[in-house]
Amino acid sequence: MSAQPPRLATRLFGVFVPSDVREEALDDLADLYNARLTSMGRAAADPWYWRQSLGFAVRLRFAHTFGGSLASPTQRCTSGPPREKTMRLLLADLRHGARSALRSRGFAAIAVLTLALGIGASASIFSVVRSVLLRPLPFPEPERLVDVFETRPERNMFEISFTYANFYDVLEMNRSFQSLGTIRWRSMTFLGDKEPTRISVAATTVGFFRALGVAPVVGRVFTDGEDKPGADPRLAVLSHAFWTSRFGQDRAIVGRSITLEGEAYRVIGVLPPGRPWLDAGDIFTPFIRPSQLDRTSWELPVIGRLAPGVTLEAARADIQRIATRLSEQYPDAKGMGIRLGTSDSWVASDSLRRALWVLVGAVGFLVLISCVNLANMLLARSTTRAREHALRAALGAPRARVVQLALAESLVLGLLGAAVGLALSFGVVRVLRSLNPGGIPNLAETQVDGWVLLVTLGVALLTSVATGLVPALRAPYHDVVSALREGERSVAGHHRAGRLRHALVAVEVALSIVLLVGAGLLVRSFGRVLGVDRGFATENRVMVSIGFTAAPSDSQQARAAQLLADFLSRLRSTPQITSAAVVHIRPLQGAGTGMGFGAAGRPDATGKEIPWAGWRIVSNDYFKTLGLPLIAGRDFNERDRLGEPWKVIVSKRVAELLWPGNDAIGRRLVLWKGQGESQGEVIGVVGDMRDWDLTDDATYSVYFPVYGSTLSPANLVVHTGLSMATLVPMLRSVLAELDPTVPVFGATTLDEIVGDSVAARRFTMLLLAALAVIALVLALAGIYGVLSYVVSRRRSEMGLRIALGASGRSVLRLVMLQGMRPVVMGLVVGIAGALALSRFMTSLLFGLTPADWPTYAAVAALLAGAAVLACYVPARDALRVDVTATLRDE
Amino acid sequence: MPQRALGEFEHYVLLALLSLGGRGHGAPVVEALQSTTGRAVSPAAVFIALRRLEQRGLTRSSKRDPRPGEGGRGRRVFQLTPVGMAKLRDARRTLERLWSSSPASDLT
């Protein structure tokens, strides 16, 4: 009789050795072991066996890996080369998985759908993130690109544009930049082949394109000297979009001339597409250095490219040295600092970045939820299939094979889920693109690309393995006999599996609570933003831009001013128009013209800090048209001219800040405080409005009269009962009678302007809310599934209880309690988690804190209520147990 | 299969197989080698060599059921093929020629 060699060594041996020769090698070793056992005894044979088996295993593995299979050629005829064999085995496993999915179609459908929701959502959000955040800037070496800002730290201003004089000084004095450039936006009338249109024209210095490293598609960009005083300003570089839409990508456009504002510009080149900067304008012209450089008006955005080898820190030190010198040298630059910002902000603003990462987190949670759900379903099923697994084990399938088969099943589900999810995401991405709120760069180009496919596949594989492994490892391998005997009916034996399922439900609930709280906070913030007192009325208000030409000479200016006055008076005499006025910047653009201000003769009125006001040039009736109350004094009239002596109307907040409790009318106001300073007389006080952004406090506003000047373009506000469709043609015809060359564009209602200003916020809110709803549905499905499973397993127990006289209510209570226990646990954990995680959303909220208790209460109530329902349905089924039938089954 | 000279260890393994009557499975070959060379022989080396020799056509193998008391799932029995025999004869002839031309042929 042969003795058994050490079992553990044999087991280990089996792990390493290629399967095709494993048995033969073990038999050889066993023979030799037996010979040693008889001649030397166990004490010598066992260590020998250990040594030999390990050495054997390693050598075989090496020989197999580097020299090919060791199996006998005769043997290999039947089994094929090993790789092919594994492949065939895998295919066979997958076929098995597919067959078993087909066998239980309902189960498979729900599992695939669960996964598809998670995977589809993650693929969609990842597509957006990839397109918005992860796509590199279209400029070479973007890490060397920087934003350059002036700062005034003692005035709490850390990101202001450059003054002309400071820009040219920094340009000449710096030692850190390879190139430095600036840009100035205008809008001009372009005379194409059709009617005149307004286009966006940007004047750029030579350094601007050089900093970006732009290689023109056709022709050239500006070269040295073309931005020097006296150079020809009438050169044009076309943006790619403008070139495409207006000239059909005609390469012969270079050298031809186009007409802007009545003057001929020579086209010298075409830019490649490139966001930001290059796509922002239609035409780029040279920025000629003015002969007089102003040091008080912050107007120029500046960008730069660091010289090779210069670090951001070194550049900061260099640039701060310049700032200090300028600050000492010029009174107007006093307190000046300079800040460098990385070009990351060109990709996406901080709040957008934050919003997208919150969405990514949410999607991660959703994927987890669908994983947990699937694991739960597979777990429930694996219990019912315990007999099948036990049978396989009894027939000699190694445990690894049983696990492998179970994994193959979840893999089939995972791949199907990924396929359906991807199909979903194609649709979702299309919807997202069409919902494009603006303000989210690159959203329009978002698509499901190879990367997304890859990530999705990765997620699917991970999900399948993670979810498949849980039940596979729990498959009853050790206790084959009892599993075979009891099969599906074993109840007590699955107590631990039951606990695991309940824990999974708790996890699901907790995860969805976090998502729901996040969504709830955004929804409530959104409500607050819309409900905020904006100060102005939006109903029946329409804004239209009128493209009056900029008028360089005095006589032209007088004519243009007359045109505006005539236009307004004609409109006001139209019966359907309640009132009409013009303003130089539309409300809610997120920014606007501003200045420091103070009370004349009382520098201490506002303390050390210089308050910042938005200023607007308006015609009379602007306040009436917008519904702002005139609190004191009077509105502008045509005798109030723009310029010295300044007559101004201020908002209520300005008056209360400077002259609290006193009449502001007739007081003198310091304008552009710290930037040159003029004085103006207050002739009126009007109500406050949130002019820049709904989420900012009501703006300190200072209004100047339009008279004596022109606006290019003028933004017309009309209070009218007419629809846009009738109003705009009417405006066109009124204007055409006065001057047919003036374009009318950009018609929109004030309601739409308000809507646009919150569009990005709405977008994020809708997305997170959608994810949260999916999470809720999945969690409810999970609760329902587990409980109905439990009920079906305990049917006979229920029958027995009822037969023994338990009331329906008590049985119902029993089942409900069992179902709700993990829900309550999940609620507690989820709310704690939400409290911890929601502070990452602080910057996305408005008017509430991340610990806003009504949100938490509402979410908890919603989930608990829904969970009760999800528990009630299976619990009620438990009551419908046919007592006699179940007892007979027992 | 390209013709290639026998390695020293392969040579030993074939000779051990010959000493077993031209056929045998792994363990006896190991034992035979160990007893004639007086050195420890790695079972793994023998195991691999037997199979590589088979792939070169010098041995062939068949599976037989375990004998009573043997345990395991059967043994792969290797047998010298005519090619293997010819290879051994060649090797021997080469060696003899080398020995006979050596001035130290009276060494033994």
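Colleague: How many residues of chain B are in contact with chain A, and which element gives the largest share?

Modeller: This is a predicted model, where local features need pLDDT of at least 70, side-chain atom pairs count only at pLDDT 80 or more, and totals for chains, interfaces and linings use all residues. Residues are numbered from 1 along each chain as its sequence is written, with chains lettered from A and ligands numbered from 1 in the order written. Contact (C-beta atoms, placed from the backbone, within 7 Å) links 20 residues of chain B with 22 residues of chain A. The largest share of chain B's side, 7 residues, comes from α3(B).

Colleague: In what order do the strands of the chain B sheet run?

Modeller: Helices (H or I, at least four residues) and strands (E, at least two) are DSSP runs, numbered from the N terminus, and strands pair if DSSP finds at least two bridges between them. β1 (23–24) and β2 (59–64) of chain B are the edge strands. The open sheet is antiparallel, in the order β1-β3-β2.

Colleague: Are α1(B) and α2(B) roughly parallel or roughly perpendicular?

Modeller: Axes are lines fitted to C-alpha atoms, for helices over the stretch in contact, with angles from 0 to 180 degrees between N-to-C directions. α1 (residues 8–19) and α2 (residues 26–37) of chain B pack at about 105°, axes 9 Å apart. Since 65 to 115 degrees counts as roughly perpendicular (under 35 roughly parallel, over 145 roughly antiparallel, the rest oblique), α1(B) and α2(B) are therefore roughly perpendicular.

Key. Two residues are in contact if their C-beta atoms, placed from the backbone, lie within 7 Å.
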